[in-house]
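Please walk through the structure shown below, taking its ionic pairs, its strand pairing, its nonpolar core and its surface in turn.

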Amino acid sequence: MIVRIMGEGQVRLDDSHLTELNKLDDALLAEMESGDEEGFQRTLGSLLGAVRRLGEPLPDASLEPSELILPSPDATLDEVREMLSDDGLIPG
């Protein structure tokens, strides 16, 4: 799967990592629902860090269709809320 982190670029991520990412996504949703801005920022950083750690960066010149688009690290709670689907940021 190709994942884009807004403002950073794309990484190739094996689908086997979706379970780990979904746990972080669930925590992010809970913090958004409770309005916990500090927890939201911490979990968003953890989610993006996991994608960077588990994924393989694509060259800057490469532009492939992204199957998943994640917010930038400095995104606000309201900005991310607008990006959400019923499943959160990570489908599944």
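Glu20 is partly exposed, with a relative accessible area of 34%. In this predicted model, the residue forms a salt bridge with Arg53, and the closest N and O atoms of the two are 3.0 Å apart. Glu20 belongs to helix 1 and Arg53 to helix 2, so the pair links distant parts of the chain, 33 residues apart. Arg53 has a relative accessibility of 55% and counts as exposed, because the cut-off for that class is over 50%. The value of 34% for Glu20 falls in the class between under 20% and over 50%.

A search of the whole structure finds four salt bridges. One of them joins the side chains of Glu64 and Arg12, with an N to O distance of 3.3 Å. Glu64 sits in the loop between strand 3 and strand 4, whereas Arg12 is part of strand 2, so this pair ties together parts that are 52 residues apart in sequence. Both partners are partly exposed: Glu64 has a relative accessible area of 28%, and Arg12 has one of 38%.

Another salt bridge is formed by Asp78 and Arg81, whose closest N and O atoms are 2.9 Å apart. This pair lies within helix 3; the two residues are three apart, so about one helical turn separates them. Arg81 is partly exposed, at a relative accessible area of 39%.

The strands come next. Strand 1 and strand 2, the latter covering residues 9-12, run antiparallel and are joined by four bridges.

Which residues have the most contacts inside the largest nonpolar core? They are Val3, Leu21, Phe40, Val51, Leu70, Leu89 and Ile90, in a core of 21 residues. At least two residues of this core are supplied by each of strand 1 (2-5), helix 1 (18-34), helix 2 (37-54), strand 4 (68-70) and helix 3 (77-83). Helix 2 gives the largest share, six residues. Helix 1 and helix 2, both contributors to the core, are also the elements linked by the pair Glu20 and Arg53.

Leaving aside neighbours within four places in sequence, Phe40 is in contact with Leu28, Glu31, Met32, Ala75, Thr76, Leu77 and Val80.

The surface also has a nonpolar part. Met6, Ile69 and Met83 make a nonpolar surface patch of about 240 Å². With a relative accessibility of 43%, Ile69 counts as partly exposed, because buried would require a value under 20%.

Conventions
Residues numbered from 1 in each chain as written. Predicted model: local features only at pLDDT ≥ 70, side-chain atom pairs only at ≥ 80, totals over all residues. Heavy atoms only, no water. Core = buried A, V, L, I, M, F, W, Y, C linked by side-chain atoms within 4.5 Å. Buried < 20%, exposed > 50% of the residue type's maximum accessible area, 1.4 Å probe, protein only. Contact = heavy atoms within 4.5 Å. Pairing = 2+ DSSP bridges. Patch = residues over 30% accessible without salt bridge, like charges linked within 9 Å, V, L, I, M, F, W, Y side chains within 5 Å. Areas by Shrake-Rupley, 256 points an atom, 1.4 Å probe, with all protein chains shown as cover.
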